[in-house]
Amino acid sequence: MRPRTRKILLIYSVLVFMFFYIPLVVLMAFSFNDSKLGTVWTGFTFEWYVKLFNNSQIIEATVNSLIVAVITTIISTVLGVLGALVLHRYIFPGRKAISFIFYIPVVIPEIVLAVALLSLYGAMNIQLGLLTIVPGHVVFATSFVILVLLARLAGMDNALEEAAKDLGANEWHTFWKVTFPLLFPGILAGALMAFTISLDEFVVAFFTTGPGSNTLPVLVYSMVRRGVSPEINALSTILILLIIFFVSIVGWRMMRADRKGGEV
Amino acid sequence: MAAPYKSLLFLCIVTLLLTACGDKSESSSAEDSNQELAEELYFFNWGENIDPEILEDFEEEFGVKVIYDTYTSNQELITKLNSDTVDYDVVVPTDYFVEQMAEEGLLQELNMDNLPNFKNISEEFRNPSFDPDNTYSVPYLYGSIGIAYNTEYVDEPRSWEALWDPAYEGRVTIQETPREGVSMALQMLGYDMNDPSDEELMEAKQKISEVNENILAFDNTPADKLVSEEVWLAQTYSDQAGTAIAENDKISYLLPEDGGMLWMDNFVVPVSSKNKYTAEVFINYMLRPEVSKKLTDAIPSSNPNKAAQELMSEEESNNPASYPEIPESSSFFEYMNQEQLGKMNQIYKEIKVE
Amino acid sequence: MVRNIKAAYLMLSPTIIWLLAFLVVPVAMIAIISFTTNTGFGGILYEFSTEAYTLAFSSLYAQAIWQSLWWAGLATLSCVLIGYPFAYFIAHAGKWKNLLLLLVMIPFWTNLLIRLYSWIILMNNQGAINNLLIKLGIISEPITMLYTPFAVIIGLVYGFLPFMILPIYASIEQLNQSYLEAAEDLGANPVRTFFRVTLPLTFPGVLSGIVMTFVPAVSVFVVTDLLTGGRLLMIGNVIKDAFLVEMNWQLGSAISLLLMALVLISIVILMKFTSKNNETSSFM
C-alpha cells in the first residue's frame with residue numbers, strides 16, 4: 001500500500017470506528033441519567049449502579065446469556081468448520097441440497113424458527129430449561145460460520161496441503177499443522193460472529209427458555225412496555241469498560257514489544 | 001453403510017440430553033387437595049411489573065423460592081403456555097385473555113378458601129365481565145388508555161378529536177396496537193368498540209387515515225417523548241402518562257368524554273401448575289394491603305385493592321394518571337372474534353402502506 | 001476436489017443431523033401448519049386450507065415485501081461501500097488485526113435495544129446531531145431524521161455492518177501479495193490492480209457478506225419498530241405481528257415461507273450469475 005493510501009484508509013477507519021462507538025458513549029453517559037426514561041437527560045446520578053448490584057435478576061440473566069453464547073460458539077464453530085471443509089473439498093451426491101440447507105437459517109425469520117422449535121419441544125414433551133436455547137442458536141450461528149469459512153476457503157491456496165501430504169503427513173497432521181493455521185483467521189471471524197449472534201438474540205431465546213433461565217436480551221425486551229431500566233446501561237457500561245480494559249492491556253503489551261523490537 | 005445408524009444414534013443422544021437438561025423442573029406432583037407449600041414457585045409476569053423486594057419478603061416469610069420470569073405481551077404468554085413446555089404456577093394475563101384462556105382450558109379454578117384477602121379487592125373490580133364469578137382470576141393491577149397532554153401547549157382535550165387537530169401536527173402519537181387505535185376512532189364516532197359492524201370499521205379506518213397525517217409515530221411507549229416535549233398529545237396507557245408526569249409536571253392525563261378504555265391484569269393459575277396451593281398462598285400474600293401498596297409505589301399502574309388504597313396519601317390517590325375520573329362511556333376490552341380483530345389489524349396495515 | 005463419499009458423509013453427519021433435527025423438522029412443521037385451518041388465538045385445526053396463502057398473496061404484503069427488499073438492499077449496498085475499505089485496512093494492520101477485529105465486535109455485545117435508544121437520542125429533533133449542526137450554524141431548523149427512511153438505513157447499517165466486515169476481512173486477509181506485486185510489475189496502476197486483481201479475488205467474501213447482511217435485514221423488526229415509529233409496514237413486522245399480535249400462525253407461516261422462497265431463489269440466481277464471471281464456483 002502506498003503511504004498516502006494508508007493514511008486515507010486510516011482516517012476512514014477511525015471514522016467507521018466512531019460510527020460504532022459514539023452510540024456506546026451515549027449509552028454509557030445515560031447510565032448516569034437521573035431519569036428512568038432511556039432517552040431524556042434530566043440530571044446526574046449513581047442510583048442505577050447501586051440498584052444494579054442489588055438486582056439479582058439482571059446479574060443472573062447476564063450469566064445465563066454468557067453460558068448460552070459460549071456453548072453456542074463452541075458447537076457451531078466445530079460444526080461449521082466440518083461443514084465448510086466438506087462442502088469445499090468433496091464432491092458427493094446431495095452436495096447441492098445440503099449447501100442449500102445451510103442457507104435456510106440465514107433466510108428464516110427468527111420468530112418462525114422460534115415458534116417452530118417451541119412446537120417441536122411441545123410435541124416431544126421436552127420441559128424447557130436454559131440449554132434448550134442452544135439448538136436454535138447453533139442453527140443460526142453455524143450457517144454464519146460456514147458462510148465466512150467458505151469465503152475464506154474459496155481463496156485458499158491448496159498447494160501447501162498437497163505438499164504436506166506428498167511429504168507423508170497424514171490427514172490429521174495436515175489438518176492441524178497446515179489447514180488449521182491457514183484457516184484460522186476465518187475460524188476466528190466465524191466464532192466471533194457466532195458469539196455475537198447468540199449473545200444478543202432474544203426471539204428464539206424467549207420461546208425456548210424455561211422458568212428461571214431468562215437471558216439478558218429476553219429480560220431487556222420484556223422491559224420495553226415500561227421503558228428499559230437504565231440499570232441495563234449501567235451493566236453495559238461496566239462490561240464495556242472491562243472489555244476495553246483488557247483489550248488495552250493486550251494492546252499496550254504489544255506496543256511495548258514493538259518498541260523493544262525496534263530498539264534491537 | 002453404517003452412517004445412517006450412527007446418525008440415528010446421535011439424534012437419540014441429542015434428544016436424551018435435551019430431555020435431561022429440561023427435566024430439572026419436574027417436582028413432586030401435588031394433588032389438588034395438597035395443602036403443603038412447595039419449595040419453589042414459578043411466577044411469570046409482565047416485564048418491570050413488580051418491586052423485587054416483594055418477592056424477597058415472600059421468600060423470607062414462607063420459605064418458598066420464587067422463580068421469576070418476564071414477558072412482553074399476552075400473546076407471548078399464551079403461546080408459551082399452549083406449547084405445554086413450561087409449568088408456571090402464577091401468570092398475569094390481561095382482561096379478555098383470561099376469558100380466552102379459561103375457554104381453552106388453560107386455567108385452574110381458584111379455591112377462595114385459600115384467598116381470604118380477596119375481600120380487600122374493591123367491589124367494582126370484582127366479578128368482571130371476562131370472569132363473572134372470579135372463578136379463575138383475581139385482579140392484580142388496572143389502568144386505562146386515555147390522553148396524555150402537555151398543559152403548556154394544549155388546552156384540556158375533551159374528546160379524542162384533539163389528536164386530529166392540525167394545530168398539533170407532528171406532535172401527536174397514537175397506540176401502535178391496532179385494536180387500541182381503532183377502538184379510539186370507534187369511540188369518537190360513538191360506536192361500540194367491542195362489537196363494530198363492517199360499516200363502522202370503514203368509518204373508523206377513514207378516521208385513522210386522517211389522524212395518520214397528524215401523528216409523529218405509532219407508539220405504545222411515548223413517555224420519553226412526552227417528557228422531552230417532542231410530543232404534546234398522546235393516546236397512551238395511564239402508566240406511561242404516570243411515568244411522564246413524574247418527570248415533567250406540565251404533563252397531565254385524562255379520559256376523554258368519548259370514553260377511553262380500561263384494562264386489568266389478573267392473577268391466574270395455569271393448568272400446568274403442580275403447586276396450586278402455593279400459588280394461592282402467594283396470590284393471597286400479594287393481596288395484603290401493605291404488599292399491594294408497595295407494588296403500586298413502585299409501579300405506575302392503578303391499584304384495585306381498596307385496603308391498599310386506604311393506606312395511600314392524599315397526593316397518591318389524587319394522581320390523575322393512576323386515578324382519573326372514569327366517564328360512563330368508557331369500557332373494558334372484551335373478547336372479540338377473530339374476524340373482527342383481523343379487520344382491525346388490516347386497517348392499520350393498509351394505512352401504513354399508503 | 002476429492003471424491004471420497006464416505007469420509008464426506010462422516011464429517012458432515014454431526015452438522016447435518018443437528019440441522020435436520022432443529023431446522024428441517026421444525027420448518028416442515030411450519031410448512032404443514034401453513035396449510036391448516038386457523039381457529040383464532042394460535043389455534044390450529046388440522047384441516048386442509050389455503051386461506052393463509054390467499055391472504056398472503058394480497059397486494060398489501062407484496063408492497064410490504066417490496067419495501068423491505070428495497071431498504072435492505074440500500075442498507076446492504078451502504079455496508080459494502082463502508083465495509084470493504086474498512087476490512088481492507090484491518091486486514092493490512094499486521095499484528096494488530098485480531099485486536100482491531102475484536103474492537104469491531106465489542107459494540108455488538110451490548111444489547112441492541114439500548115444501542116438503538118442511543119441512536120434515538122442522537123437523531124431526534126432535539127437530539128445531539130441536530131443541536132450540534134445548529135450550533136455550528138450549518139442548519140437553522142432541526143432536520144427530521146427519526147421516523148424517516150434515513151433512520152431505517154442508519155439502523156440497518158449499524159446493526160449489520162459487522163456481518164459485512166468479517167467475511168470480507170477473512171478473504172482479504174489471505175490475499176496473496178505476490179499477485180498484487182506481479183500486477184504492479186506488469187505496469188498496472190493501483191486502481192487497475194484493485195479492480196482487476198484484488199476485488200475479483202476477494203469477491204467470495206463480498207458475496208458472503210451480502211448474503212449475511214441483506215437477508216437478515218429483510219426480515220428484521222426491532223430496528224424498524226423503534227426507528228420509524230411504526231410508520232412503515234415492513235415484512236418483518238408483518239410476520240412478527242401475525243404470530244405475536246394476531247396469533248395467526250397460518251398466515252405468519254405462509255408469508256414466511258413465501259419470503260424465504262423468494263430470498264433463496266434470489267441467492268441462487270446471484271450465485272449462478274457471479275460464478276460465471278468468477279472462479280468461485282465452489283460456492284453453490
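UniProt annotates residues 65–270 of chain C as "domain: ABC transmembrane type-1", in an unreviewed entry; UniProt positions follow the numbering used here, feature names are shortened, and annotations may be inferred rather than shown by experiment. Across residues 65–270 of chain C, 76% of the chain is helix and 0% is strand, with the end C-alpha atoms 19 Å apart. Helices here are DSSP runs of H or I with at least four residues, strands are runs of E with at least two, and both are numbered from the N terminus.

A word on what you are looking at: this is a predicted model, in which local features need pLDDT of at least 70 and side-chain atom pairs count only at pLDDT 80 or more, while totals for chains, interfaces and linings use all residues. Residues are numbered from 1 along each chain as its sequence is written, and chains are lettered from A and ligands numbered from 1 in the order in which they are written.

Let us stay with chain C for a moment. Chain C has 12 helices and 2 strands, and along the sequence they follow the pattern α-β-β-α-α-α-α-α-α-α-α-α-α-α. Its C-alpha trace spans about 70 × 70 × 30 Å along the principal axes. If you follow H3(C) along, you will find a bend of about 30° at Gly83(C), with Pro85(C) following within four residues. The bend at a residue is the angle between axes fitted to the seven residues ending there and the seven starting there.

Now turn to chain A. Chain A has 11 helices and 0 strands, giving the pattern α-α-α-α-α-α-α-α-α-α-α along the sequence. The C-alpha atoms of chain A fill a box of roughly 70 × 65 × 30 Å, taken along the principal axes. For chain A, an unreviewed UniProt entry places "domain: ABC transmembrane type-1" at residues 62–251, a stretch that is 77% helix and 0% strand, with its end C-alpha atoms 27 Å apart. UniProt (unreviewed entry) also places "transmembrane region" at residues 9–32, 66–88, 100–124, 130–154, 175–197 and 232–252 of chain A. Two of these spans can be followed in detail. Residues 100–124 of chain A are 88% helix and 0% strand, and their end C-alpha atoms lie 27 Å apart. Residues 130–154 of chain A are 84% helix and 0% strand, with end C-alpha atoms 37 Å apart.

How confident is the predictor in chain A? Its mean pLDDT is 90, and 98% of its residues reach 70 or more; pLDDT is the predictor's confidence in each residue, from 0 to 100.

Chains A and C meet through 82 residues from chain A and 87 residues from chain C, where two residues are in contact if their C-beta atoms, placed from the backbone, lie within 7 Å. On the side of chain A that touches chain C, the elements giving two or more residues include helix H1 (3–29), helix H3 (56–89), helix H8 (171–199) and helix H11 (231–263) of chain A. By class, this side of chain A has 62 nonpolar, 15 polar and 5 charged residues. Ala, Val, Leu, Ile, Met, Phe, Trp, Tyr, Cys and Pro count as nonpolar, Asp, Glu, Lys and Arg as charged, and the others, Gly among them, as polar.

Chain A also touches chain B, with 36 residues of chain B in contact with 36 residues of chain A. Among the elements of chain B that give two or more residues to this contact are helix H1 (3–22), strand E1 (40–46) and strand E2 (65–71). The side of chain B that touches chain A has 12 nonpolar, 13 polar and 11 charged residues.

Within chain B, there are two domains: domain 1 (36–142 + 263–317) and domain 2 (143–262 + 325–353), with bounds from an automatic or database domain assignment. Their C-alpha centres lie 28 Å apart. Between them, 13 residues of domain 1 of chain B are in contact with 11 residues of domain 2 of chain B, and H4(B) gives the most to the domain 1 side, with 4 residues.

Finally, UniProt (unreviewed entry) places "binding site" at Glu48(B), Tyr96(B) and Gln338(B). These residues span 291 residues in sequence and the farthest two C-alpha atoms are 29.8 Å apart, so they do not all gather at one spot. Glu48(B) sits in the loop between E1 and helix H2 (52–62) of chain B.
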